[in-house]
Amino acid sequence: MGNEQPLVLLEHAQKAFGGTPVLKDISLEVREGEVVAVIGPSGGGKSTLLRCLTLLETLDAGKLAYGDLVVAENDPNGRAAYAGKAVQKEAKTRFGLVFQNFNLFPHYTVMKNVADAPLHVQKRPKAEVEAEARALLAKMGLAGKEDMVPCELSGGQQQRVAIARALALNPEVLFFDEPTSALDPELTQEVLKVIRDLAAERMTMVIVTHEMSFARDVADRIVFMDGGVIVEEGPAAQLIGNPQHERTRAFLSRYGQK
């Protein structure tokens with residue numbers, strides 16, 4: 001790979017809530033064009049990991065960098081010290097985040113949901129942003145829905161609007177926090193198809209998911225987390241088909257992995 005620097009770098013990350021450690025010495029690299037799936041039992045730290053990566057939570061200790069941009073690193077006391085607002089703001093332009101529950105603005109139209117941030121955060125020309133938003137919505141199978149509001153859409157459609165909204169800012173990496181857990185099986189497949197298509201285009205993605213067969217088929221690499229640590233990671237087919245660790249095997253057997 002020409003570009004040696006990972007797009008996302010996390011080293012020795014620690015995070016506790018009320019004295020309870022949730023992340024215990026987690027290190028993770030994500031390289032350009034890579035799709036990384038994060039799997040594991042509830043309460044294992046997956047969502048906290050994602051919230052720390054996307055600056056919704058702050059690390060207690062460790063280093064976080066987006067390419068050449070160091071967002072946090074340990075001070076002499078071994079506590080995570082965060083860079084100033086300008087660096088954090090720049091870091092936030094490098095990733096997009098798709099939530100479990102869509103988090104669309106309920107009173108905005110589909111178009112406004114997608115176009116709002118490029119217009120107001122990136123200050124880009126309106127005609128260009130709207131043309132791009134239309135193209136993204138068409139790609140998501142939502143052409144003709146631009147003037148609807150979220151409550152007029154199915155959950156699967158809302159989640160596809162949320163993906164279009166994240167992509168509208170042209171992020172280098174896209175994070176998904178269990179993007180299908182609020183959806184029924186039929187709608188789940190719609191959303192997974194969109195993510196599959198993005199993977200085929202080599203979009204860099206980190207996906208927290210409980211869809212094991214999807215993780216196996218779409219991810220380049222799977223990270224299995226349990227108890228606040230990365231128990232095992234490796235190529236997707238290998239980790240699902242031949243897990244090395246007893247905890248991974250036990251977890252996958254509960255999912256009745258096909």
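The structure is a predicted model. Strand 5 pairs in the antiparallel sense with strand 4 and also with strand 6. A search of the whole structure finds one cavity of 30 Å³ or more.

- Strand 4 spans residues 61-66 and strand 5 spans residues 69-74; three bridges join them in the antiparallel sense.
- Tyr-66 has Leu-69 of strand 5 as its bridge partner.
- Two residues lie between the strands of this hairpin, where Gly-67 adopts a positive phi near 60°.

- Strand 6 comprises residues 80-82, and its antiparallel pairing with strand 5 runs over three bridges.
- The bridge partner of Asn-74 is Ala-80, in strand 6.
- This hairpin has five residues between its strands, and Gly-78 takes a positive phi near 80°.

**The cavity**

- The volume of the largest cavity is about 30 Å³.
- Its lining consists of Val-114, Ala-115, Pro-118, Val-129, Glu-132, Ala-133 and Ala-168.
- Helix 3 (110-120) and helix 4 (126-139) each contribute at least two residues to the lining of the largest cavity.
- Classified by residue type, the lining of the largest cavity holds six nonpolar residues, one charged residue and no polar residues.

How values were computed. Residues numbered from 1 in each chain as written. Predicted model: local features only at pLDDT ≥ 70, side-chain atom pairs only at ≥ 80, totals over all residues. Heavy atoms only, no water. Pairing = 2+ DSSP bridges. Helix = DSSP H or I, 4+ residues; strand = E, 2+ residues; numbered from the N terminus. 1 Å grid on protein atoms, 1.4 Å probe; cavity = no way out; pocket = protein on both sides within 12 Å on 5 of 7 lines; lining within 4 Å. Points joined across faces, edges and corners; volume = space filled by probe spheres on them. Nonpolar A, V, L, I, M, F, W, Y, C, P; charged D, E, K, R; others polar.
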